[in-house]
Amino acid sequence: MTQATVTKSEAERQIADAWTGVKDRLPGAAPLTARREAAFKKFEAAGLPNRRVEEWKYTDLRALMRDAKPLAQPPGEIGRVRARAAGAILSGVDLRRVVVADGVLLKDVSDLGGLEPGLTIGSLADALTQGDAEVMGRLGAQSPAEKDVAFALNTAFMGDGAVIRVAPGVKIARPIHLVFCFTGPVPAAVFTRSLVSVGAGAAVTVVESHEGPDGLDYQVNTALEIVAGDGAEIDHVKIGTEGAAALHVSTLTAALGRNVQFRDLNFTIGGAAVRNQIFARCDGAGSTLSLDGATLLKGRQHADATLVVDHAIGGCKSREIYKGVLEGESRSVFQGKTIVRPDAQKTDGKMASHALLLSETAEADHKPELEIFADDVVCGHGATAGALDEDLRFYLMARGIPKKQAETLLIQSFVGEAIDVVANEGVRDALTAAVMRWLEARE
Amino acid sequence: MPAVQETVEQVRSIDVDQYKYGFETDIETEKAPKGLSEDTVRFISAKKEEPAWMLEWRLEAFRRWLTMDEPTWARVDYPKIDYQNAYYYAAPKAFVAPKSLDEVDPEILKTYEKLGIPLREREILAGVVRPEGSSRVAVDAVFDSVSVATTFKEELKKAGVIFMPISEAIREHPELVQKYLGSVVPVSDNFFATLNSAVFSDGSFVYIPPGVRCPMELSTYFRINERNTGQFERTLIIADKGSYVSYLEGCTAPRRDENQLHAAVVELIAHDDAEIKYSTVQNWYPGDAEGKGGIFNFVTKRGDCRGARSKISWTQVETGSAITWKYPSCILRGDGSRGEFYSIAISNGRQQVDSGTKMIHLGKNTTSRIISKGIAAGRSDNTYRGLVSAHRKATGARNFTNCDSLLIGPHCGAHTVPYIEAKNSSALFEHEATTSKISEDMLFYCRQRGLSQEEAVALVVNGFVKDVLQHLPMEFAVEAQKLISISLEGSVG
């Protein structure tokens, strides 16, 4: 039961070596260097998150990471060709593509021309090198994910990513697609950080997709931080289609002002081991959050969704619906925590997580938590785990629908409830099609 | 609206400061030397005239305990316990196992009388002292570290039921004790259970032979009296094939400024087709309104549904203790076995409750049901922490969990931390939890029909806890209802 880790794992040692090697070459000057150093110290003290850390109980990163890969090199010619083709899951949808390959934002491959008035998109590396005051200010401020060690590693090593700013009152109709891809050719580690600032009364849709080759056990630690001004409207979709051997850790933070509408979908079908953590905080009254998730796993995939919804102030509404479909020996983890701070009265929070186990050997773990310090609130959570409903399947089969098709229909509708949160029709259809492809590939 | 005079008085009479079991009995006691060492363990073992194997068992536990750290994961916050600054054994002086009640110190008898615990069979048989309940209850009274009286022993013996202090059972039925002790809660289970294994002094032992339905309710009444003393009791209940037993447990302690430690272990074993119903009304001294004093209650309770179609049901009403750390659990090992957990946890003042259950489904077609109602008032924190898990082979496992919290007042906290782990696709788990304050609509509806504000609140809260109360045996239901009206009335105003 000792808290401190005496012996460091191989991966922990390699991360420490990597830090010594690259810390002087990472972008950003004085105040940031100290912040990176402090973040690394946090990692050094705690080690990689493991099952002794309550928040990581079901996803033992120390055990999952047998080794830490070296930092990725910027993509070469072949990498650029691959980067151009990345994000195909949303082909046919009208989106503004911003491509981040192997941890580097590629301006020439991105679609940065003709930006709508009030919208700016830049690279984090540029902002850090130039000492952009706003970016530096945000990176220096307390993040809702502050305590997390995986996030601290991201802060220490972050190299590049997108910086998106939407001016107050500006509504951007065309969704922005952040295409993250790993191109190889050898396994490596990627640390990206992106920042999205949405001014008061502004609206934007940000879709991020993550992918890479199946055969490489590359490692991704990515973070996206959203700050929303009063009355902003934000749609965020994260599509996880990492390669079959990839390790993917992602952190999404959202700090919401007053009367914000925030809708988020976390769609995961790829990666060997995936951790998606979301830290959302309501700083102003009247906001509504919908955090939904759809996870489809097979083989020995492991996907963890950990949500912390912090009602720091009253009068907000939060809704979470997470759906997991599990085949083979896969395992899904859902940990959701709703915090209602003292005096956050009139909070309305509901959280639901449902797992559908399609095989004997799949495993679903849920931990939906409530932490409530105010009395005039309505909060609840529900969790279920089980196999496909025999009666429903029988009903469909009795009407002449073959077994597999009946199952497909049922699973599709099960997952559909979560995907419906996506407002953009094109993106929603693309995801529904991805679910269909996954279902058709079932044995 | 202003409270009516009657309510104000009722509230006053039941506020945490008005803990009515807070009196102290002045009695000479013999104690073990202060502190905890191998010598303390040997002292207790010698006092109990235990066989060598028992001492060895205790010493092994003690050595193990020295290597363990106190757990910190629960949502409770208390000053560090100095384990060397307490007595681990306290017995009324010149205590020899009494042959009849006449030999028991009259002061002790008076204490139990004050607590309303009937120890005199005559009176019970005559129905004098318990007008509200018609059924008879056999009582084992544990005073600090020793069992002072066990009633109805003879009658139970006729049915083949063994009901006696565990210290006696170790001497008289060593084969049963040796077979079952520590088989559900192993010596090294957790910090507090290990401590208990080393220093437990008394508790109840129950064995129900095959096919016997225990002719009466069995009950143990725990009382901590001595200052600076911890109570470590151990309860072991074995229901052999096809038998049935209902067991009740109650507890109180005097009001003191210091904190006292209570670390009990309860082990239940149900064989094929057997059923154990275990009910607790926990009313240890909760400390005063400022959080001074009160019992630290660290309890390990676990039932093992070892046989097919066996059933274990836990019902608890928790109103006392400064700190509650308690997770009565069921290991559903036998095919078709069933576990139930019904709980009402009420916290007021500065109480901290971290309680819940574990339902571990191992066998096929095992079912479990959890109904937990937490009510937080004052400046208290009330946490439900529970685990439901189905292992690979637990085909057809079913669980339904419902944990609701009610908050009364703006300074308390209610928390829910459920763990749901499904490793079998045919397992069906449902979990729901809600937290709310009493809805204005409900109150308005009741008031419209002519109820006063307070009556309306009482009605709503009673409806809220009804699911649990109905599972309490008659004897306790009345007491529990009174306890609930307490916390309720004390908080609404």
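Colleague: How do I judge the radius of gyration of chain A against a compact globule?

Modeller: Compare it with what the chain length would give. A compact globule of 443 residues would have a radius of gyration near 22 Å, and chain A of this predicted model has 21 Å, which agrees. Along the principal axes, the C-alpha atoms of chain A fill a box of roughly 70 × 55 × 50 Å.

Colleague: What share of chain A counts as buried?

Modeller: For chain A the figure is 55% of the 443 residues. In chain B, buried residues likewise come to 55%, there out of 493 residues.

Colleague: And what do the contacts say about sequence separation?

Modeller: Start with contacts between residues at least 6 apart in sequence, then ask what part of them joins residues at least 24 apart. In chain A that part is 84%, and in chain B it is 83%.

Colleague: Now a strand. Why is S9 of chain A described as largely enclosed?

Modeller: Count its buried residues, bearing in mind that buried takes 20 or more other C-beta atoms within 10 Å. In S9(A), residues 233–241, eight of the nine residues pass, so the strand is largely enclosed by the rest of the structure.

Colleague: Which strands does S9(A) pair with, and in what sense?

Modeller: Take one partner at a time. Strand S7 of chain A, residues 203–211, runs parallel to S9(A) over nine bridges. Strand S11 of chain A, residues 261–268, is also parallel to S9(A), through eight bridges.

Colleague: Is A:Asn259, with its positive phi, buried or exposed?

Modeller: Phi of A:Asn259 is near 50 degrees, in the loop between strand S10 (247–256) and S11 of chain A. A:Asn259 has 20 other C-beta atoms within 10 Å, so it is buried. Now try B:Arg309, which has a positive phi of about 60 degrees without being a glycine. It lies in the loop between strand S13 (294–305) and strand S14 (311–318) of chain B. With 18 C-beta neighbours inside 10 Å, B:Arg309 counts as partly exposed.

Colleague: How should I read the nonpolar core?

Modeller: In soluble globular proteins, nonpolar side chains tend to be buried together. The largest nonpolar core in this model has 254 residues, and A:Ala228, B:Val206 and B:Ile276 have the most contacts inside it. Helix H7 of chain A, residues 149–157, gives the largest share of this core, seven residues.

Colleague: What does B:Ile276 touch?

Modeller: Leaving out residues up to four places away in sequence, its contacts include B:Ile237, B:Ala239, B:Val245, B:Tyr247 and B:Leu268. B:Ala270, B:Gly303 and B:Ile312 are also on that list.

Colleague: Last one: how many residues of chain B are in contact with chain A?

Modeller: On the chain B side there are 31, in contact with 33 residues of chain A. Strands S23 (413–422) and S24 (428–436) of chain B each supply at least two residues of the chain B side, and S23(B) gives the largest share, 10 residues.

Colleague: How many bridges join S23(B) to strand S18 of chain A?

Modeller: Six, linking S23(B) to residues 363–372 of chain A in an antiparallel arrangement. For a pair to find on screen, go to A:Leu370, whose bridge partner in S23(B) is B:Thr416.

Conventions: Residues numbered from 1 in each chain as written. Chains lettered and ligands numbered in written order. Predicted model: local features only at pLDDT ≥ 70, side-chain atom pairs only at ≥ 80, totals over all residues. Contact = placed C-beta atoms within 7 Å. Helix = DSSP H or I, 4+ residues; strand = E, 2+ residues; numbered from the N terminus. Pairing = 2+ DSSP bridges. Buried ≥ 20, exposed ≤ 12 C-beta atoms within 10 Å, placed from the backbone. Rg over C-alpha atoms; globule rule 2.2 N^0.38 Å. Core = buried A, V, L, I, M, F, W, Y, C linked by C-beta atoms within 7 Å.
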